[in-house]
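Please examine the sequence and the three-dimensional structure shown below.

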Amino acid sequence: MQSIRIHPLDNVAVMLDDSSPEIPRGHKFALRDIAAGENIVKYGLPIGRAIRDIRRNEHVHTHNMKTNLDGILEYVYNPSEPTVHPSAERVTFSGFRRSGGGAGVRNHIFIVPTVGCVNRLARTLADRLNSTLPSGSVDRALALEHPYGCSQLGGDHEMTRAILRGLVRHPNAGGVLVVGLGCENNTIDSFREMLGPFDPERIRFLVAQHESDEIGAGMNLLKKLVETASHDVRTEIPVSELVVGLKCGGSDGLSGITANPLVGRFSDWLTAHGGSTILSEVPEMFGAETLLMARSRSRAVFDKCVAMINDFKRYFTRYGQTIYENPSPGNKAGGISTLEDKSLGCTQKAGNSTVCDVLLPGEHVREKGLNLLTGPGNDMVASTLLAASGAQLILFTTGRGTPFGSVVPTMKISSNTALAEFKKEWIDFDAGRILSGDPDAVDREFREAILAAANGKETANERNSYEEIAIFKDGVTL
């Protein structure tokens with residue numbers, strides 16, 4: 001029987017194999033007798049409390065423990081000393097330098113509908129362009145289909161527009177065609193103004209109701225975008241210009257032991273080299289938020305972090321929902337029992353770097369280093385928000401597997417080797433090898449795999465053409 005005690009203070013260990021008929025892999029068992037009402041400790045911190053007496057070696061899960069979390073909390077700024085320090089090592093990747101700032105890891109053409117009414121038009125244009133693209137001109141066209149942009153009100157409408165603006169200005173796009181219908185709330189004219197200054201050779205606009213042949217007009221605009229973007233070539237760029245999104249989904253009991261800490265160590269490495277990472281999934285910070293708050297670079301960043309956490313809790317209560325109704329059925333099947341259990345494992349992806357800023361949906365990264373981003377845990381929505389904030393690629397850890405991908409390269413990192421072997425067409429990297437191999441060697445291979453993706457190597461989601469967006473919605477639909 002193989003198991004691991006993650007922290008010396010823990011009173012539970014995690015099963016690492018399938019040798020026990022009573023305790024599945026990834027699930028917890030008691031290292032000693034635990035009395036009813038006593039805290040269950042994992043990662044060195046409470047993840048809930050026993051609801052009855054638990055015997056030594058007994059399975060510890062949802063049947064005999066519950067969360068300690070409840071309500072909106074008061075927080076005190078108590079900063080910790082930084083443990084990640086700048087590196088003088090020079091590391092580069094091969095990317096596309098953008099005239100408007102930043103660098104891309106792909107040279108795509110984005111076709112972005114202002115409203116869901118023109119989704120099929122956007123898809124038709126993308127398919128026709130891809131069928132005629134000259135080899136070596138641009139990578140390919142992607143239609144960023146979504147159902148919004150009209151019949152929305154107030155902040156909900158503005159959030160949709162902010163997310164679309166972030167995607168239109170994404171550095172992975174060498175050219176963008178914004179497609180509107182003509183009568184939607186998110187009009188081309190108002191959206192163009194919202195974009196701010198832009199290169200008219202790189203961003204073009206089509207209003208379907210203004211054209212007798214909207215497909216022909218769209219193809220003419222796309223050909224001009226391809227002509228411009230085809231002159232872009234990869235060049236050596238410092239990794240300080242990389243922005244990497246951090247995400248997990250379908251987590252299991254090993255995610256917080258293998259895959260998420262592996263991503264956390266990469267995050268620390270990248271921020272030490274001047275690059276940036278983004279952690280979202282606010283509901284999966286609940287129970288671990290004080291660890292992130294203590295790493296805030298300043299009181300102002302701490303205040304933004306507190307506002308992000310409490311505003312998201314109010315988002316739950318505004319709709320009459322329980323704040324801590326998490327983890328998911330798949331998480332529980334994988335061995336995660338409470339939200340604290342999930343959050344303490346989830347936030348491992350952030351490593352130990354200082355939190356330098358907190359972003360709203362659609363805001364691009366402004367500060368180098370680790371950023372927090374307001375958004376839910378939903379895989380599609382959170383990944384879209386990461387892309388809209390400028391992440392050129394996303395590291396996605398999983399214990400159960402998923403085929404999906406965002407419109408930026410979405411690397412899947414399995415928490416266990418069995419998943420990597422079973423779903424070879426989904427998984428890009430096996431973090432389960434950490435349990436049986438040299439962790440330092442795995443870390444090096446992981447960095448090399450990420451840089452290879454930045455240099456142009458397709459991720460599994462790209463090979464499978466699983467590239468889509470889902471916009472975060474919070475409001476009335478008319």
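Two strands are said to pair if DSSP finds at least two bridges between them. Helices (H or I, at least four residues) and strands (E, at least two) are DSSP runs, numbered from the N terminus. The model is a predicted one, in which local features need pLDDT of at least 70 and side-chain atom pairs count only at pLDDT 80 or more, while totals for chains, interfaces and linings use all residues. Residues are numbered from 1 along each chain as its sequence is written, and side-chain values use heavy atoms, with hydrogens and water left out.

Strand β4 (residues 39-42) pairs with strand β5 (residues 45-50) in the antiparallel sense, over 4 bridges. Lys42 has Leu45 in β5 as its bridge partner. Between β4 and β5 there are 2 residues, and Tyr43 in the turn has a positive phi of about 60 degrees. Gly44 also belongs to the loop between β4 and β5. With a relative accessibility of 15%, Gly44 counts as buried, a term that means under 20% relative accessible area, as against over 50% for exposed and partly exposed in between (1.4 Å probe, protein chains only). Not counting residues up to four places away in sequence, Gly44 touches His7, Leu9 and Asp10, where contact means heavy atoms within 4.5 Å. Gly44 and Met285 are 241 residues apart along the chain, and their C-alpha atoms are separated by 16 Å.

The sheets come next. Strands of a sheet pair through backbone hydrogen bonds, either parallel or antiparallel. Strand β8 (residues 92-97) runs antiparallel to β14 and is joined to it by 4 bridges. Within this pair, Phe93 stands opposite Ile237 in β14.

Another open sheet consists of 7 strands with parallel pairing, in the order β17-β18-β16-β15-β19-β20-β21. Its edge strands are β17 (355-359) and β21 (429-430), and each of them pairs on one side only. β17 and β18 run parallel and are joined by 4 bridges. Asp357 stands opposite Asn371 in β18.

Why is helix α10 (residues 379-388) described as largely enclosed by the rest of the structure? The reason is that 9 of its 10 residues are buried. Among the buried residues of α10 are Met380, Val381, Leu385 and Leu386. What covers them includes α2 (154-168), β15 (243-248), β16 (276-279), β18 (369-373) and β19 (393-398). At the start of α10, a side-chain oxygen of Asn378 comes to within 3.2 Å of the backbone nitrogen of Met380. After α10 comes Gly390, with a positive phi near 100 degrees.

Asn310 is found in helix α7 (residues 299-318). Its relative accessibility is 8%, so Asn310 counts as buried. Leaving aside neighbours within four places in sequence, Asn310 is in contact with Ile72, Leu73 and Tyr75.

On a 1 Å grid over the protein atoms alone, a cavity is a set of points where a 1.4 Å probe fits but cannot get out, whereas a pocket is an open set with protein on both sides within 12 Å along at least five of seven lines; lining residues have an atom within 4 Å of a point. Grid points are joined across faces, edges and corners, and a volume is the space filled by probe spheres set on the points.

The largest pocket holds about 620 Å³ of space. Its lining has 31 residues, of which Gly100, Gly101, Gly102, Arg169 and Pro171 lie nearest the centre. Strand β12 (residues 173-180) supplies the largest share of this lining, with 4 residues.

The count of cavities of 30 Å³ or more comes to 1. The volume of the largest cavity is about 80 Å³. It is lined by 15 residues, and the closest to its centre are Ser251, Ile336, Lys342, Gly345 and Cys346. Helix α9 (residues 339-346) gives the most to the lining of the largest cavity, with 4 residues.

Technical notes
Polar contact = N/O pair within 3.5 Å; in protein donor to acceptor, adjacent residues only side chain to side chain.
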